[in-house]
Amino acid sequence: MEKDTTNHNGPSGCCAGSASPPSATAGATDAAGLPAAVDRATFQAELDRLRAREKAHTREGDAIAAARRRLPMVEMGAGIALIGPNGPTTLLDAFEGRRQLIAYYFMWYPGNPAAEQCEGCTWCATQVAELSYLHSRDITYAVFCQGPYDESARYRDFMGWDVPWYSAQDSLDTLLVGRHIGLMHLVCYVRDGDRVFETYWTTRRGVEVMDYSYALMDLTVYGRQEPQEDSPPGWPQPWGTGSGHVTRINGRPIAQWSRLEAGRSDDLTAGP
């Protein structure tokens, strides 16, 4: 795992409006470094040594999750106000009757078009699509946007996301007490009848738990291709260098290009 980079302009940094990264065709070239070519037995022996570390990492992750389940909790106001598709609602209502709730606090830039919204939050939110597995464990997932409902809901529609979406703008001081409002957060709640409790929260690189793209990149020989990674000399690392960015292509969040090609409007202030 590469070192933590809390100021890194990826999903953990979320700096909207950043300059363009390498073009969509950037990546490994014929001149890029390659691992040593060896016979199958040598390859497998090296992989077996790495596998021991991977298994230890998995067991440590299990132990951390066990400790997380034993954290104390803090009570929240069940009636904390949110705005949803049908107008004013509450934190308790966002559970949709389930016992647990995971809320992603989406960063927002009021009045900006789609291209200038948070590329890191877009990266993370795009990867949460199938909710039935969470629902089977009595967990609701929802986005709590830190901007106004009407404008941000149009962004959800522009992106084609089909997840519960609320505006938490007017209640952020209460919901995120003691934390950096305006930064992404992932917060877990549980309810006991009509009482609501916060059980865990994380931010910056902690939200990478939502992200299968980085997890899959980490399995490949070139990894994320970002300069903060510890890679051998000659490995391609064009993403995030110079004026570039790790989650934008040609000036906008990567996932938006297919939406534009589908004819969706970039203007979030227009009518539906």
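**Stop one: charges over rings**

Select Arg252 and Trp257 to begin: the charged end of Arg252 sits over the ring of Trp257, 5.2 Å from its centre. That label needs CZ of Arg (or NZ of Lys) within 6 Å of the ring centre and within 35 degrees of the ring normal. Now pick Arg179, which lies over the face of Trp201 at 5.0 Å from the ring centre.

A quick word on what you're looking at: this is a predicted model, where local features need pLDDT of at least 70 and side-chain atom pairs count only at pLDDT 80 or more, while totals for chains, interfaces and linings use all residues. Residues are numbered from 1 along each chain as its sequence is written, and side-chain values use heavy atoms, with hydrogens and water left out.

**Stop two: rings meeting rings**

The structure holds 13 aromatic pairs. Rings of Phe, Tyr and Trp (its six-membered ring) pair if their centres lie within 6.5 Å; planes under 30 degrees apart are stacked, over 60 edge-to-face, and the rest tilted. Show Phe106 and Trp161, a tilted pair with 5.9 Å centre to centre and 55° between the planes. Phe106 is in strand E4 (residues 100-106) and Trp161 in the loop between helix H4 (149-159) and strand E6 (165-167), so this pair ties together parts 55 residues apart in sequence. Helices (H or I, at least four residues) and strands (E, at least two) are DSSP runs, numbered from the N terminus.

Are Tyr155 and Trp161 buried or exposed? Tyr155 counts as buried at 0% relative accessibility, and Trp161 counts as buried at 10%. Buried means under 20% relative accessible area, exposed over 50%, and partly exposed in between (1.4 Å probe, protein chains only).

**Stop three: the core**

The largest nonpolar core has 33 residues, and Tyr104, Phe106, Tyr141, Tyr155, Trp165 and Met210 have the most contacts inside it. Such a core is a set of buried Ala, Val, Leu, Ile, Met, Phe, Trp, Tyr and Cys residues joined through side-chain atoms within 4.5 Å. Colour H4 next: the largest share of this core, five residues, comes from there.

**Last stop: a positive phi**

Finish at Asp138, in the loop between helix H3 (132-136) and E5. Asp138 has a positive phi of about 65° although it isn't a glycine, and it is partly exposed, with a relative accessible area of 36%.
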